[in-house]
Amino acid sequence: ISPRTAVLARHAELVSRLGSAVTAKLGPQPEGQSLGELIDVAEHDGLIDSKTKDALIGLSVMRNLAAHGPNDVTPARASEFM
């Protein structure tokens, strides 16, 4: 698996897990929510604190760099994301 693919796969897992946690606590959510939307809902309803929100936003930024930036996702950067 390429480092870029690893980051994207782990991000998808993160979205799925946070979506499941939000759904378990708050009931069904709209389909296709982004990580940012899920983060906002989770923070608003007290599922995560501001430090966790900041960490998740950082991961979202790293994902976006991997998905849309130059093809320079090194194994070390992918490992950091994991």
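Gln 33 is buried, with a relative accessible area of 17%; buried means under 20% relative accessible area, exposed over 50% and partly exposed in between, for a 1.4 Å probe and protein chains only. The place of Gln 33 is in the loop between helix 1 and helix 2. Leaving aside neighbours within four places in sequence, Gln 33 is in contact with Val 15, Leu 38 and Val 41, where contact means heavy atoms within 4.5 Å. The model is predicted: local features need pLDDT of at least 70, side-chain atom pairs count only at pLDDT 80 or more, and totals for chains, interfaces and linings use all residues. Residues are numbered from 1 along each chain as its sequence is written, and side-chain values use heavy atoms, with hydrogens and water left out.

The secondary structure of the protein chain comes to 4 helices and 0 strands. Helices (H or I, at least four residues) and strands (E, at least two) are DSSP runs, numbered from the N terminus. Read along the sequence, the pattern is α-α-α-α. The C-alpha trace spans about 40 × 25 × 15 Å along its principal axes. Of the 82 residues in the protein chain, 26% are buried. Among contacts between residues at least 6 apart in sequence, 49% join residues at least 24 apart.

Two packed helices are described by the angle between their axes and the distance between the axes. Helix 1 (residues 3-26) and helix 2 (residues 35-44) pack at an angle of about 35°, and their axes are 10 Å apart. Axes are lines fitted to C-alpha atoms, for helices over the stretch in contact, and angles run from 0 to 180 degrees between N-to-C directions. The crossing of helix 1 past helix 2 is left-handed. A crossing is left-handed if the near helix is turned anticlockwise from the far one by less than a right angle, and right-handed if clockwise. Helix 1 contributes His 11, Leu 14, Val 15, Leu 18, Gly 19, Val 22 and Leu 26 to the contact. Helix 2 contributes Leu 35, Leu 38, Ile 39, Val 41 and Ala 42. The residues of this contact divide into 10 nonpolar, 2 polar and no charged. Ala, Val, Leu, Ile, Met, Phe, Trp, Tyr, Cys and Pro count as nonpolar, Asp, Glu, Lys and Arg as charged, and the others, Gly among them, as polar.

The largest pocket has a volume of about 190 Å³. On a 1 Å grid over the protein atoms alone, a pocket is an open set of points where a 1.4 Å probe fits, with protein on both sides within 12 Å along at least five of seven lines; lining residues have an atom within 4 Å of a point. Grid points are joined across faces, edges and corners, and a volume is the space filled by probe spheres set on the points. The lining consists of Val 7, Met 62, Leu 65, Ala 66, Pro 70, Asp 72, Val 73, Arg 77, Glu 80 and Phe 81. Helix 3 (50-68) and helix 4 (75-81) are the elements that give two or more residues to this lining. By class, the lining holds 7 nonpolar, no polar and 3 charged residues.

Phe 81, one of the lining residues, has its place in helix 4. Phe 81 is buried, with a relative accessible area of 5%. Leaving aside neighbours within four places in sequence, Phe 81 is in contact with Val 7, Arg 10, His 11, Leu 59, Met 62 and Arg 63. Phe 81 and His 11 are 70 residues apart in sequence and 8.9 Å apart in space, C-alpha to C-alpha.

Met 82 lies in the segment after helix 4. Met 82 is partly exposed, at a relative accessible area of 41%. Not counting residues up to four places away in sequence, Met 82 touches Ala 6, Val 7 and Arg 10. Between Met 82 and Gly 46 there are 25 Å in space, C-alpha to C-alpha, and the two are 36 residues apart in sequence.

Ser 2 lies in the segment before helix 1 and is partly exposed, with a relative accessible area of 33%. Ser 2 and Ala 78 are 76 residues apart in sequence and 9.0 Å apart in space, C-alpha to C-alpha. Asp 54 lies in helix 3. Asp 54 counts as exposed, at 52% relative accessibility.
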